[in-house]
Amino acid sequence: MQSASEDVLQSDKKLLEDLSGSGRAIGVLTSGGDAQGMNAAVRAVVRMGIYVGAKVYFIHEGYQGMVDGGKYIVEANWQDVSSILQVGGTVIGSARCKEFRTREGRLRAANNLIQHGITNLCVIGGDGSLTGANLFREEWQGLLQELIQQGKIDHASAQKYSHLNIVGMVGSIDNDFCGTDMTIGTDSALHRIIEVVDAIMTTAQSHQRTFVLEVMGRHCGYLALVSALACGADWVFIPESPPADGWEDQMCQKLSESRSRGTRLNIIIVAEGAIDRQGKAIPSNVVKELVVKRLGFDTRVTILGHVQRGGTPSAFDRILASRMGVEAVVALLEASPETPACVVSLSGNQAIRVPLMECVQMTQEVQKAMDEGRFDAAVKLRGRSFENNLRIYKLLVHKKPDKELTRSKFNVAVLNVGAPAAGMNAAVRSAVRTGISQGHTMLAVSDGFEGFIKGQIKEIKWGDVGGWTGQGGSLLGTKRTLPAKNAEAIAEQIRLHNISALLLIGGFEAYLGLLELSAARAKYDEFCIPMVMVPATVSNNVPGSDFSIGADTALNAITDTCDRIKQSASGTKRRVFIIETMGGYCGYLASMSGLSAGADVAYIFEEKFDIRELQSNVEHLTQKMKTNIQRGLVLRNENCSENYTTDFIYQLYSEEGKGVFDCRKNVLGHMQQGGSPSPFDRNFGTKISAKAMQWITNKLTETYRQGRVFANSEDTACVLGMRRRTLVFQPVLELQDETDFKHRIPNEQWWLKLRPLMKILAKYKASFDVSDAGQMEHVNRRLTQDSHHLIAI
């Protein structure tokens, strides 16, 4: 049976089947420093390459293996990349290679590639590795001529392999490459840092200590800045934005004030490349000695080092690397001698291609600006997202003295609505502190609309939200109660507390609540105030937004559990696991965790399936299990079908797989909602809430007339969501047409396009739409776009 989304894909003009790779050979290598997620990229390149009929070769040990040839260049088959998705580092090895920097070394490499018929290279590495690949491509014709002269190849071979295609993927934990929002490995490195910070916070609090944490980033402060934003660090040192002269006094004063307000710990994060305005290094031990000498605080240094490179890749990195790997193969198939070498890249949630050398030049420009002391330019060159991170960090950490604040006349209320989602507390903290910075009085509503009705509303101050960023659940309390039946009681509370604006943080209930409040404006003037909703739900089912706070944490919880479940069967007989995920009727969690955990199939409500498809899936798994593959993974969204329940699917697979594999089932339940928020959710919550509060301030100014706020136009009740590449405020009334209210999902969902990718990587035949591929974008134009890129948070 063909699924609905496949029917849509079949009707598109340009499908993967049109891009035959038969007769082509693709070489894949990892070079430079390793990064988590590189194996997911290698797996995607190998499987996609084989799927389109190309031969794919591992080039072991990076460029060194290309230069040495022989046993280092080996043809890859489908099974070779089984069970590597969850492994950190790179299974094909990586090495720095001095020989490849010489013409002689590149000549040997060219000869080795031609012996295997490889004229398509997929290079996974940093800017040095990609620059080397581009030089190799530019010299290719000359290298072939030299090989002819030396008698190592004939004219026929030179003619046949006359052109070398290069596509790069950036694997670097530092996120130091311009042209992409996120490099492979960065999110996993942030996970390692945040795990350490969360662990350190408990011991620091016990002993009233100050901790100085040194993180990687010799030339780029991304890891330091984003981890500081994610944990609410007291101070951060990054190379792009050195502290002003006299920073020693300012920092010590800030730490002292923090302690005087009752804080029991301080966290200072230092990038390993941190410098002052004169370019002099600021090592972590110098910061420690300063704090001890000036303040007498018990202070310790923790240098994270290579811990940040290690461990299993996060769900985000696995999905990113898988998407990039598939896109890289498509780019190689479409490449011509005139196509410039490109990097497959991420912008928002879109895969794009950017010219390799433009990215390299822009990356080098950042370093040049820092070397010349043009630090403001360096921050701008890093892109709007980096600039935004720095601005929001300063806004949320450094409270202005009361005498410097311009007080507004407005009270802004914040409430959580619906089920709890990890990252909600980070969103509340950000909203409260941004609001206070803008002069508002911030009010916290406990237990959602239920608390609103009962008048559980009190002022919340700057210090009240300290330490909230890393806490899961909802500290304000949240309920699913909707406002319509109690509109009069809520209007009364708005009047009593003189509330001028509302910020709702929640899932589909918050969306419905905003619609009901908007409709109540006709009857109650109290609701004629600016109202905005920030999406926060593990289900990721809010109309108007591609992402919701909490979904990334849930994805990581599912992916981690799938890894453990699969590992539990290692060394036993062949086994298939049936796993049920949350999400209501929305298949986002099942589909994306299927991609990140390497599932064979994911059953969801949005793609109808019948008994014939179930039977075909069982047969497919049976065939795979007859090879050396030991484990299968089947995911099922909790509401994907009324009759094909988890028990039914478990029993079907158990019966049909008899003699080949046995089955186990697992219902993950509420563990998907719990736990500490991921770095992504902390930062997404922080940034989107700050943006929402800025909108509220603007709307309050616009709608304040004759001593009161009166906002009744459609554009004063909005959902703030991520659309493709941009954060967009959308009137909630306009979103009604985009909503399936019965099943509580948007009518169109972007991630459905990725489902064929999961099927292809699991060895199914599937139509994959490549209509959006092939769009070469230029770095300069992207950096000047006035958008806030989500994924680079």
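Two helices, α5 (127–149) and α12 (356–371), each supply at least two residues of the lining of the second largest pocket. Helices here are DSSP runs of H or I with at least four residues, and strands are runs of E with at least two, numbered from the N terminus. The greatest contribution to this lining comes from α5, with five residues.

The model is a predicted one, in which local features need pLDDT of at least 70, side-chain atom pairs count only at pLDDT 80 or more, and totals for chains, interfaces and linings use all residues. Residues are numbered from 1 along each chain as its sequence is written, and side-chain values use heavy atoms, with hydrogens and water left out.

Let me turn to residue N120. This residue belongs to strand β4 (residues 120–125). Is N120 buried or exposed? N120 is buried, at a relative accessible area of 2%; buried means under 20%, exposed over 50%, and partly exposed in between, with a 1.4 Å probe and protein chains only. Beyond its neighbours within four places in sequence, N120 is in contact with residues including R24, G27, L164 and L332, where contact means heavy atoms within 4.5 Å.

I close with the cysteines. The whole structure contains zero disulfides, a disulfide being a pair of cysteine sulfur atoms within 2.5 Å. C231 is in none, as the nearest cysteine sulfur, that of C220, is 17 Å away. C231 is buried, with a relative accessible area of 7%.
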